Amino acid sequence: MALRLVGDFDLGEDVLPGLRAQRAEGGGTDEWEINYESLRLLNVERNGNIVYTYKDDKGNVIFGLFDCQTKENKHLYTFEKDLQVISCSINSEKTLLAASLVQSSEEGRRNELQPGSRCLTLLVEIYPVNNVKVLKAVDSCVWVQFLYPYVESHPLSQNHLLLISEEKYIEQVHIQVIQEDRDTVVIKNSDHLPRDRIAEDFIWAQWDMAGQRLYYITLKKANSILKCIQFYADESFNLMFEAPLDISLKDLGFKLVNFGCDYHEDTLSKHSTLCIFTNHTGSLCVCYSPKFDSWEQITYSVIYFHKGYSKTFTASLGSAGSPVSSGITFLNLGYYVAVYLPGHFFHLLNIQYPDLLCHSLFLTGNKVFDVLPHCPLQSLSASLVLDWCSGKLYRAFLDQSFLLWFLWNTSLDWEKMAALHCVLSCGRDPCFLEGQIIQWISENSAACHSFDLLQEFLIASSYWSLFLESCSMAMLLPWSSVLTWNTEIPGITLVTEEIALPLMKVHSLKGYWERLNANFQYVKYTKPRLHYHNSVVRREWHNLISEEKTGKRRATAYVRNILDNAIKVISNIEARHSEPRLMPLLQEEDRPQRLLMGLMVSELKDHLLRHLQGVGRRKIEQMALDYVSKLLDLICRLLESTWRKHELHPWVLHCNRRGSAAEFAIFHIMTRILEATSSLFLPLPLGFHTLHMILGVHCLPLHTLLHYVDNGVLLLTETAVTRLMKDLDNTEKNEKLKFGIIVRLPPLIGQKICRLWDHPVSSNMISRNHVTRLLQNYKKQPRNSIINKSSFSVEFLPLNYFIEILTHLESSNQALCDLEGHDNVDAEFVEEAALKHTSMLLGL
């Protein structure tokens, strides 16, 4: 299963054994076994402490506390009436207990409450047990929740308690406490506790214990309005936003989420489900599932307020074998929301980038294993999940082992895409996860038809590595190579609609609210999107290369800064590896690639500086370096993984040998990498093109090799051609190869390489270059001299006349010739080369 639940608390293991031991010490009988079902979990507070209740053999209600730090249980209070607890909360100092109780629903029970009072809400001093204050005795149910400030370093003189009434209002009670002596804390002026009514006429409310936020929905002229109140450590609170909900809530009824457990609530599929999830990146999702109106399909909606649209999904149930016995469960997994229907489907919704269906993992049938409990699960905060029925608390995580296995075994492109992003988002031991993905890619590089697997891995992995460190740049970096997806995914359909953005009521924002508002501003004002792309780098790099070929030079400081960026990137990559590399990468000069990686760092840094607010320049520079370094490091690791797999040795770098199957495999993966990076215009490790060219010489026939060169698949680097000229002898086959290479070299490199090949062809080329240089400014002038035939070894007047002109030009331009350093190339060399080449052509 893609989801893994790790036990964090279990009533049966963490509480029950201690209670049995206490009863045994007190000489009790086995009557506790009869009351085992009365042990219930009531609330999980923000600090992790858990409040539970049970009844003794007389029916008295007993409250207990499990301390998550000490792992110990503590008796809090005993209420000597046979009532049913519906809600309970304890303050952070563990000095006050609030509880709501109702008459037990079992037949034959005596009514313990006064006539007209169905619910009794109490406030109890428990340090030590002292006074009991009745907050409410009403005919409607009331739920209680203490506020937990962010600062808990010292005891608070004032506590704040929320009272949520079934009559659709919410009050905040202010409770001031005083310490009478070291061991006694009492309520000050308990008869006059100030109250504020903070919400009215709501139909649904949810408590966010981690963020100390209250979400609730009101109806206004048949329209549903979502509101949120933020409570602060300084005891103040604000209404943060109002947002219209374009969903029908007529079937929802009155419902509370995360205000303890209502064990009388019917959770079967005939009822609607609504909950809100957030995460630290500034996301805000409303998940809603209406009641079932068909047993063949089920509909659920997610409103992505931070993206400005909603998506309504319809999942088919027709092929499932088991009937629907429970409703949909929504679970918050941080960067994902899990939508789960036991026995039918499991949908992992990507809430960071929900645009395309292929980025969310949808599993049905045999791919769904029922590892999740069939009882209703509830997300409390972050990864905390509660099973109310069994009293078990879990931490929910994406199961990276299953996802890796699934990645290896699925044959569907959209499942590979979704699983790849799920794995990378796990964040636990990213180096190991990337290694596993690299191993899979090296064996399945051509396994996808709808998208380029290498491109997706490079972009997604580089994004997630930086995103997990700093979510502030999430909107500014590309996170996928796939921009559109038109392929239908069986079993699921969706409809996307734009929505009205929430109206913020507070303008001075910090933390989560600042990031959420930034997302709203991005949706509202940013078109097109601000994701970085390399179009500027492509244009500027071509300009730089063109200028270097024509001899033009940019400002020295500009080029030096670009090359310095490249040096920093290489140092950054090498710092990640303590062991020497298996392949000759990052070792040669490779100026074009240095310019490309330096330019990408420079442009990415400028892009982030333009759009990233509140982040220092130095940190942004490091982000840009880390991003480019990560891209190149992934390519190096991908190559070295394949190299290690095929157990290649350094001697494969010599040109005078034939290629093996292992070398062809390396050549193939390098060609795929080149194809993937070229369209995105990403830099490659220094020495990549040299190694690619040498393997091409090993593996390809001559005509194919030259075809690859002509089409830009293989690049003729100076290092590769130099090695080729030195390693290969002058057999007829090698001469054809050398000649085919030399005539395709750029002029500047060609002039250097020709001097390494002692052959009439190279001599001819050297002579041509020498003559071209001398005659480029030559103007024919009348000459009175008569050629002295005795000074020439061959009596061939055109050649003799031409050599005399060259000799004259050389004597008048000696300083130029010396400066350019053309050793041993003069008119005599040209004459000799011309004669040798002519003899070769004539077959003499």
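The model is predicted: local features need pLDDT of at least 70, side-chain atom pairs count only at pLDDT 80 or more, and totals for chains, interfaces and linings use all residues. Residues are numbered from 1 along each chain as its sequence is written, and side-chain values use heavy atoms, with hydrogens and water left out.

**Whole chain**
- The secondary structure comes to 21 helices and 32 strands. Helices (H or I, at least four residues) and strands (E, at least two) are DSSP runs, numbered from the N terminus.
- Of the 844 residues in the chain, 54% are buried. Buried means under 20% relative accessible area, exposed over 50%, and partly exposed in between, with a 1.4 Å probe and protein chains only.
- Among contacts with a separation of 6 or more, 59% join residues 24 or more positions apart. A contact means heavy atoms within 4.5 Å.
- The chain exposes about 39600 Å², and carbon and sulfur atoms supply 50% of that area. Accessible areas come from the Shrake-Rupley method with a 1.4 Å probe; for residues, only the protein chains shown count as cover.

**Six-stranded sheet**
- An open sheet of six strands runs in the order β19-β15-β16-β17-β18-β32, with mixed pairing. Two strands pair if DSSP finds at least two bridges between them.
- Its edge strands are β19 (255-257) and β32 (503-504), each of which pairs on one side only.
- Within the sheet, β16 (residues 213-220) and β17 (residues 223-231) run antiparallel, joined by eight bridges.
- Y215 has C228 in β17 as its bridge partner.

- Strand β2 (residues 40-44) is largely enclosed by the rest of the structure, because four of its five residues are buried.
- β2 runs antiparallel to β3 (residues 50-55), and four bridges join them.
- Opposite N43 stands V51 in β3.
- Five residues lie between the two strands of this hairpin; G48 in the turn has a positive phi of about 95°.

**Helix α13**
- Helix α13 (residues 688-699) has twelve residues, which at 1.5 Å a residue should span 16 Å; its end C-alpha atoms are 16 Å apart, so the two agree. The expected span is 1.5 Å times one less than the number of residues.
- Twelve of the twelve residues of α13 are buried, so the rest of the structure largely encloses this helix. Among them are F688, H692, M693 and C699.
- The buried residues of α13 pack against α10 (591-611), α11 (617-645), α12 (661-680), α14 (702-710), α15 (718-727) and α16 (732-742).
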